[in-house]
Amino acid sequence: MSDHAMLEVRDLYKYFPIRQSMLDILLRRPANNVKAVDGVSFDLERGEVLAIVGESGCGKTTIARTLIGLEEQTDGEILFHDELVGAHERRARAGLVPLEAGTVGSSEQKVFPRMSMKRLRQQAQMIFQDPYESLNPRATILEIVAEPLVVHGLARGRDERLERVKTALEEAGLRPAEDYFLRYPHELSGGQRQRVVIASAMVLQPELLIADEPVSMLDVSIRAEILNLLRDLRQRRGVSIVFITHDLSTVAYFADRIAVMYLGRMVETGPAREVLANPQHPYTKALISVIPVPNPRLRRERVILQGETPNPIDLPSGCRFHPRCPVAVEACKVTDPANVLVGENHHAACLLLNVAASPNIASGEAAST
Amino acid sequence: MTESLLSVRNLTTEFHLPDGRIARALEDVSFDVLPGQTIGLVGESGCGKTTTLMSVMRLLPASGRITAGHALFKGRDLMQLSEQQMRSVRWREMAIVFQGAMNALNPVMKVGDQIREPIELHNLMDRDAAEKRVGELLEMVGIQRSRRDQYPHQYSGGMRQRAMIAMALACSPSLLFADEPTTALDVMIQAQVLDLLKEIQKHLGLAIVMVTHDLGVVAEVCDSVVVMYGGKVAEYASADAIYNEPQHPYTRRLLASFPDLIRPSDTLASIPGTPPRLTDLPTGCRFHPRCDVKVEACDKETPVLKMIEEQSAEGGAIHCAACHLLHGEEAKFQ
């Protein structure tokens, strides 16, 4: 094995082209793209939990879908155990790219093998947001949880299959599992359904779980159960989790690292406790300040950002957060800030931090504006 | 002591299901709403929060019956009004922001027209004045007047919720019901909507009844809280007392399951099991199957609401809870 992280994402871009009308084409209007993910890099170690946090439309779900091959990235590499993944199979079959290997990095030109979609999905599984809609209403729980095993041809004998389904259901907290085998999703509560979803993701014993807002549809009391379950799975199975949410309060207690996204970029990344206790980017600060505190005696000053995330077709110039930023200065309209190191493993992309980190940039900036 | 705007007393509602069973959705629910104050109805799904609102507004589906209780609003008992009289009260005196703004707006009607509709139905002003009012309302909730002629699908989630609020305020009601107004929204938009509600309340002196399962939201905006479980009031107190001196085991466990950002713990407490089915309620205390401190009496006798702290002369809120482990006089509401 190499010293690389289990999952490495390098300069990931995902643009969705907007369909043009005939008139647009005749008038030679430029084609527009929705820049859902606009240059994102991160690593994930084995057994690590990374929370990707941001408002609707910041690109967090697109990252999840790209990681698992439901979307094909526009550019950038995803390396899972040093193998390239991405929805490139169809292109490969059409002879557009070689299936066996791909290269990464223009300077190194390192060659990596490509991983097939089927192998990827044995090792990486996704938990979707809505347990009411992500289960087949006409299949029994046994059929639902056994299906991944059948698809991947993993448990051939009936007994072995039953055994694995039983283990998965019990690990997901549905005990005794036999009671659930012949029931249908509509007979279960929301929390139980989400447990079935988790069981059918875990039945393949993946190394990576991608959980897209797994608790946002659930009641608070049930939310805690599901979060505790995910946490147990991580401890017992060493599964890595990419946890996608808009709610910082749910990640506070079980993520190792937090990445805060805004309009397709990660604006702040770092160890979870560090980011929550000592946020550096004004957007992170605002997000943390609006988390409701369950005690009226602790009501705090809140930074409520006005407006909503702008349209990712026409990105603002300079720093993409400047139109909503409470502390923006003139230079923010012009300069797109780079990521700077603000603490151990803690990065943030804000011009005001750039100034503090390296005065040279600031003076150079002042000269040019 | 301030006169309450709405006094709900012993409200009991049943649903008659098609198979002949009866779901006892509400039993003996009492609380007071003071002018200009916000009261939160809290509990898990299926605890009767929305049914309480719908019973007071008398908007229950055909299978629902209010079998007992009163709801005194400005001295009139809403339960005794004819449907005709009720229609003049609804929206004019008390309005509701429905759950799920995506589905509560008419998709084929311009937003501005939808806001004007209640003003016209109540014959409050002529068309020009109503049109002016629509513009003012949109501005009040932070939507540009120029978007008056757009359809709901052209609005974002947060804007639809704002439009719903504008519609509820159209006839200047004195009481606003808000049913999970922020549940499907992002945290930042949620904060914006809560801020807007607070501002409007300060500006117009509205009383708000907010239904939510999010205790953080309640702490942020409510003056007093009714914790509901299985169609009954489990605890009723000021927001401060609910968070700092919770008495009912359900309230305590609900609070413990809320992630605390200031003091993150290692494991989140949860409440095993699910709320009871209303067709098949447990005997005795409705919470006893999930309670971790239950005693022998809990599955036999139904606990009454006990007064833990009387209403003080200065108008401090009462605090009562329904649990066998607590001591106190049975709570009596005037």
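Modeller: In chain B of this predicted model, eight strands make up an open sheet, ordered β6-β7-β8-β3-β9-β10-β12-β11, with mixed pairing. Its edges are formed by β6 (94-97) and β11 (306-309) of chain B, each of which pairs on one side only. On average, neighbouring strands in this sheet are turned by 20 degrees against each other, direction ignored. Within the sheet, β3 (residues 38-42) and β9 (residues 224-229) of chain B are paired in the parallel sense, over four bridges. In this pair, G40(B) lies opposite V225(B) of β9(B). Helix α6 (residues 157-169) of chain B packs on the sheet, where it touches β6 and β7 (175-179) of chain B. The direction of α6(B) makes about 170 degrees with that of β6(B).

Chain A also has a sheet to describe. Eight strands form an open sheet in chain A, and their order is β8-β9-β10-β3-β11-β12-β14-β13, again with mixed pairing. Because β8 (124-127) and β13 (340-343) of chain A stand at the edges with a single partner strand each, one side of each has no neighbour in the sheet. From one strand to the next, the twist averages 20 degrees. The edge strand β8(A) runs parallel to β9 (residues 208-212) of chain A, and four bridges join the two. One bridge pairs A124(A) with L208(A) in β9(A).

Helix α8 (residues 190-202) of chain A packs on it and touches β8 and β9 of chain A, its direction making about 170 degrees with that of β8(A). Helix α12 (residues 282-289) of chain A also packs on the sheet, touching β3 (49-53), β11 (257-262) and β12 (265-271) of chain A. The direction of α12(A) makes about 105 degrees with that of β11(A).

Helix α8(A) has a helix partner as well. The axes of α5 (residues 141-151) of chain A and α8(A) come within 7 Å and cross at roughly 30 degrees. Angles under 35 degrees count as roughly parallel, and α5(A) and α8(A) are therefore roughly parallel to each other. On the α5(A) side the contact involves I141(A), I144(A), V145(A) and P148(A), which meet V196(A), A199(A) and S200(A) of α8(A). By class, the residues of this contact between α5(A) and α8(A) are six nonpolar, one polar and no charged.

Terms used
Residues numbered from 1 in each chain as written. Chains lettered and ligands numbered in written order. Predicted model: local features only at pLDDT ≥ 70, side-chain atom pairs only at ≥ 80, totals over all residues. Pairing = 2+ DSSP bridges. Axes fitted to C-alpha atoms, helices over the stretch in contact; angles between N-to-C directions. Contact = placed C-beta atoms within 7 Å. Parallel < 35°, antiparallel > 145°, perpendicular 65-115°, else oblique. Nonpolar A, V, L, I, M, F, W, Y, C, P; charged D, E, K, R; others polar.
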